[in-house]
Amino acid sequence: MLKRIYSSNANGDMEDFFPVRPECQELVPKTRFKPKVGKTLSERRWNAAFDKDGHLDIAGVLRRIQRGGIHPSIKGVVWEFLLGCYDPNSTSEERGALRAKRREQYASWKEECKKMAPIVGSGKFVMSPIVNDDGKPIEDNGMELADSDADSDKKVTQWKQSLHQIGLDVVRTDRSLVYYENEANQAKLWDVLAIYTWVDDDIGYVQGMNDICSPMVILLEEEADAFWCFEHAMRRVRENFRSNATSMGVQSQLSILSQVMRVVDPKLHQHLEGLDGGEYLFAIRMLMVLFRREFSFVDALYLWEVMWAMEYNPNMFAHYASNGSSEVVVTTKLSKKMLQQYGKYERKNVKNGRTDQKSLLAVFLVAGVLETKNKKLLNEAKGLDDVAQIMGDITGSLDAKKALSEALKIHKKYLNKARIPES
């Protein structure tokens with residue numbers, strides 16, 4: 001559970017849990033989210049959602065989150081279920097065993113990384129390159145490297161070369177928060193990212209992963225639990241970070257965004273195409289880091305958890321456990337009771353026979369933002385710079401609840417207008 005950190009600032013309840021450094025108060029977006037009795041999932045309501053064996057009433061939990069988010073004291077443990085770390089149908093005993101197994105696995109990976117770079121797990125981190133392109137240690141980098149027969153291995157070299165970039169990004173991550181004034185907390189974030197980069201060497205580290213990982217590190221006190229929560233979050237967005245010399249993974253979502261806008265607002269889409277903006281490259285940041293820069297820290301967390309609740313698929317845990325894939329199968333022709341275990345967005349997809357998992361809610365969120373700026377874009381955007389400025393101006397001015405409501409309207413409009421494939 002996240003402990004309340006009392007602050008002298010009087011900006012409301014959220015400031016007690018995620019205090020902002022005094023000198024940054026005027027620089028960060030205003031927080032709009034506040035827990036509401038009877039709407040927000042509280043600690044009492046969360047505990048009451050489990051039966052005596054630990055089975056979770058996920059349908060009731062999803063309803064509450066979709067109405068009012070999650071109280072900050074329990075965000076971390078609830079996120080573990082929303083992201084598919086645990087099966088709501090499991091018992092407390094089964095989850096305890098799985099948690100212990102995962103912590104053991106993380107400790108093993110961490111020890112493996114520590115043998116290659118002893119600074120891992122030391123409470124410190126690096127911001128300067130430690131090896132050259134040949135994998136040879138760079139002298140005077142202030143860091144000791146362990147001798148290893150594996151040092152010539154390409155994977156090891158690439159991993160070591162990423163460590164300083166992770167460090168440079170860590171010091172820029174959520175630096176307005178008091179939490180990261182402590183170097184040990186920064187090192188915790190660096191360790192999780194460094195170990196994830198070692199484990200997922202197919203994609204490695206890409207800037208933006210730090211923005212997704214940071215909340216998990218803050219919300220979950222145990223580092224291994226934060227790692228696994230982040231790892232499951234990455235399963236949803238991992239392909240966005242895949243890139244090569246000719247393409248970026250996020251382009252598949254940009255293509256879907258273009259398709260959605262062509263259907264729901266052909267006039268605006270045509271206008272953007274005329275400005276060479278039809279590829280929607282200005283939306284890359286929003287989709288890559290899930291609107292972290294457009295909202296305050298607290299509002300971004302609220303946005304994420306409501307999105308995840310709306311997109312929730314009860315098959316997620318079993319599917320991840322069976323093959324580790326990020327693609328979750330949608331089953332059609334379900335009973336009404338079973339449908340209640342799906343989030344409202346996913347439920348609508350199932351009812352409409354849409355079994356593709358690429359049209360994520362984030363795409364409709366971007367479409368919703370574009371719709372709210374429709375007149376401004378049509379009347380004032382004479383080039384891509386104008387589009388970028390108009391979209392950039394939304395930072396700090398968006399209401400997460402309204403943005404989600406608009407996204408669902410756009411989704412409904414799209415389903416009604418688009419040709420729905422046979423189920």
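A salt bridge is a side-chain nitrogen of Lys or Arg sitting within 4 Å of a carboxyl oxygen of Asp or Glu. Keep that in mind for these close-ups, which all come from a predicted model. Searching the whole structure turns up 22 salt bridges.

**Close-up 1. Arg242 pairs up with Asp202.** Look for the closest N and O atoms of the two residues: they are 2.8 Å apart, which is within the 4 Å cut-off, so the pair counts as a salt bridge. Buried or exposed, or something in between? Arg242 has 31% relative accessibility, so it counts as partly exposed, and Asp202, at 49%, counts as partly exposed too.

**Close-up 2. Arg242 also holds hands with Glu239.** In this salt bridge, the closest N and O atoms are 2.8 Å apart. Glu239 is partly exposed, with a relative accessible area of 37%.

**Close-up 3. Lys376 meets Glu380 in helix α18.** Their side chains form a salt bridge, at 3.3 Å from N to O. The two residues are four apart in helix α18 (residues 374–380), so about one helical turn separates them. Lys376 is partly exposed, with a relative accessible area of 32%, and Glu380 is partly exposed at 44%.

**Close-up 4. Five residues join into one network.** Here, salt bridges that share partners connect Asp200, Asp202, Arg238, Glu239 and Arg242.

Technical notes. Residues are numbered from 1 along each chain as its sequence is written. This is a predicted model: local features need pLDDT of at least 70, side-chain atom pairs count only at pLDDT 80 or more; totals for chains, interfaces and linings use all residues. Side-chain values use heavy atoms; hydrogens and water are left out. Buried means under 20% relative accessible area, exposed over 50%, partly exposed in between (1.4 Å probe, protein chains only).
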